[in-house]
Amino acid sequence: MKTHIATAAMVAAAGIAASAAWAQPIIAPGVYLASNHPDAALTEPGYGLRLDELVDVTSEHDNFTFDFNHVESQVLFTFDGSSITIAGEAFGGRDVGTDYAVEPLTGVYSFSFKYDVGVQQAPGDDDLLVVPDANGDNTGSITTPTGLTIDLFDFVRGGFSFRMGDGDDDTGHRGWDGLSGWGWLAYEDGHEMSSDWIFTLSPTPVPAPASVALVGLAGLMASKRRRG
C-alpha cells in the first residue's frame with residue numbers, strides 16, 4: 001500500500017477539472033496554501049499536522065508536530081474536482097513543549113497524501129468529506145530528515161476520515177470561521193492518539209504563476225539540502 005511521495009510540482013500540475021457530482025462545493029478545483037490552525041491542541045510551536053509516535057524515540061509518549069508556517073515549509077492542498085492531495089514539505093520533529101528536541105529527527109519532512117476513495121460533499125452542507133469503505137483506503141507517506149520513509153493511511157472517526165470546509169452550517173471548526181482541514185491518520189501499526197491533520201487553507205487558490213514559483217523554491221531548497 002506504499003505511496004511514493006509526489007513532488008509539489010506534480011501536485012501543482014495535476015489536472016484541475018470540475019466534477020458534475022458536486023452540487024456546490026465550498027471550494028473550486030485548484031491549488032491552495034495550507035497553514036497552521038490557531039486551535040491545535042498543543043501550543044507552541046504551532047502546527048498543521050500531528051503524528052504522535054511517528055518514531056519511537058523515548059519510553060514516553062513522543063509528540064511529533066509539523067509547522068506549516070515555518071520559513072522552510074511549503075504545503076499545498078489540491079482539489080481536482082474528485083480527489084484531494086495534501087503534499088509538500090514542513091519543518092517539524094519531536095515536540096518537547098515550546099520547541100523541538102535537538103536531534104537528527106528535527107528538520108524538514110517531505111510528505112504526500114491522496115484521498116481518492118470516498119471523496120464527496122457533506123450531506124446537507126458544502127464541505128468536502130471523505131467517507132472511505134474501510135480504514136486505509138486512502139494512503140500516502142512521509143519521509144523524515146534522516147531519510148526514513150513511513151507509510152500513512154486514513155483512519156475513520158465519527159463516520160469520516162477527513163473533512164475540509166467551515167463545518168455544519170458555516171459555524172467554523174474549533175473557533176476558526178475560515179476554511180479548515182481536519183482528519184485522522186494511521187501508520188502500519190495502527191492509529192495513534194493523536195495523529196491528525198489540523199490546518200487552515202487560503203480562501204482562494206494560489207495563482208498559477210505564483211504556485212509554480214513556490215514549487216520551484218521548494219524544489220531548490222530540497223536540492224540544496226540533499227547536496228549539503
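Predicted model: local features only at pLDDT ≥ 70, side-chain atom pairs only at ≥ 80, totals over all residues.

Reader: What makes Asp52 and Arg50 a salt bridge?

Author: The closest N and O atoms of Asp52 and Arg50 are 2.8 Å apart. The cut-off for a salt bridge is 4 Å between a side-chain nitrogen of Lys or Arg and a carboxyl oxygen of Asp or Glu, so the pair qualifies. The structure holds four salt bridges. Another of them joins Glu103 with Arg94, with 2.9 Å between the closest N and O atoms.

Reader: Why is Arg94 called buried?

Author: Its relative accessible area is 15%.

Reader: How do you know that the salt bridge between Arg163 and Asp127 ties together parts that are apart in sequence?

Author: Start with the contact: the side chains of Arg163 and Asp127 meet at 2.8 Å, N to O. Arg163 belongs to strand S11, while Asp127 sits in the loop between strand S7 (119-121) and strand S8 (128-130), so the bridge links parts 36 residues apart in sequence. Asp125 comes in as well: salt bridges that share partners join Asp125, Asp127 and Arg163 into one network.

Reader: Are Arg163 and Asp127 buried or exposed?

Author: Arg163 has a relative accessible area of 9%, and Asp127 has 0%. With the limit for buried at under 20%, both therefore count as buried.

Reader: Let us turn to the rings. Why is the pair of Tyr115 and Phe162 called stacked?

Author: A search of the whole structure finds 13 aromatic pairs. In this one, the ring centres are 4.9 Å apart and the planes meet at 25 degrees. Tyr115 is in strand S6 (residues 107-115) and Phe162 in strand S11 (residues 162-165), so the pair ties together parts 47 residues apart in sequence.

Reader: And why is the pair of Phe113 and Tyr115 called tilted?

Author: Here the centres are 4.7 Å apart and the planes are at 50 degrees. Stacked needs under 30 degrees and edge-to-face over 60, so this pair is tilted. Phe113 and Tyr115 belong to one aromatic cluster, which also includes Phe162, Trp197 and Phe199.

Reader: How do you know that Tyr115 and Phe162 are buried?

Author: Tyr115 has a relative accessible area of 0%, and Phe162 is also at 0%. Both values are under 20%, so both residues are buried.

Reader: Which residues have the most contacts inside the largest nonpolar core?

Author: They are Phe77 and Trp197, in a core of 35 residues. Strand S6 gives the most to this core, with four residues. A second, separate core has seven residues, among them Leu129 and Trp182. In soluble globular proteins, nonpolar side chains tend to be buried together.

Reader: One last residue, please. Why is Ser202 called buried?

Author: Its relative accessible area is 18%, under the 20% limit, so Ser202 is buried. Ser202 lies in the loop between strand S13 (195-201) and helix H2 (208-227). Its side chain reaches the backbone oxygen of Thr204 at 3.0 Å. Apart from neighbours within four places in sequence, Ser202 is in contact with Tyr32, Leu33 and Leu179.

Conventions:
Residues numbered from 1 in each chain as written. Heavy atoms only, no water. Helix = DSSP H or I, 4+ residues; strand = E, 2+ residues; numbered from the N terminus. Buried < 20%, exposed > 50% of the residue type's maximum accessible area, 1.4 Å probe, protein only. Polar contact = N/O pair within 3.5 Å; in protein donor to acceptor, adjacent residues only side chain to side chain. Contact = heavy atoms within 4.5 Å. Phe/Tyr/Trp six-rings, centres within 6.5 Å; stacked < 30°, edge-to-face > 60°. Core = buried A, V, L, I, M, F, W, Y, C linked by side-chain atoms within 4.5 Å.
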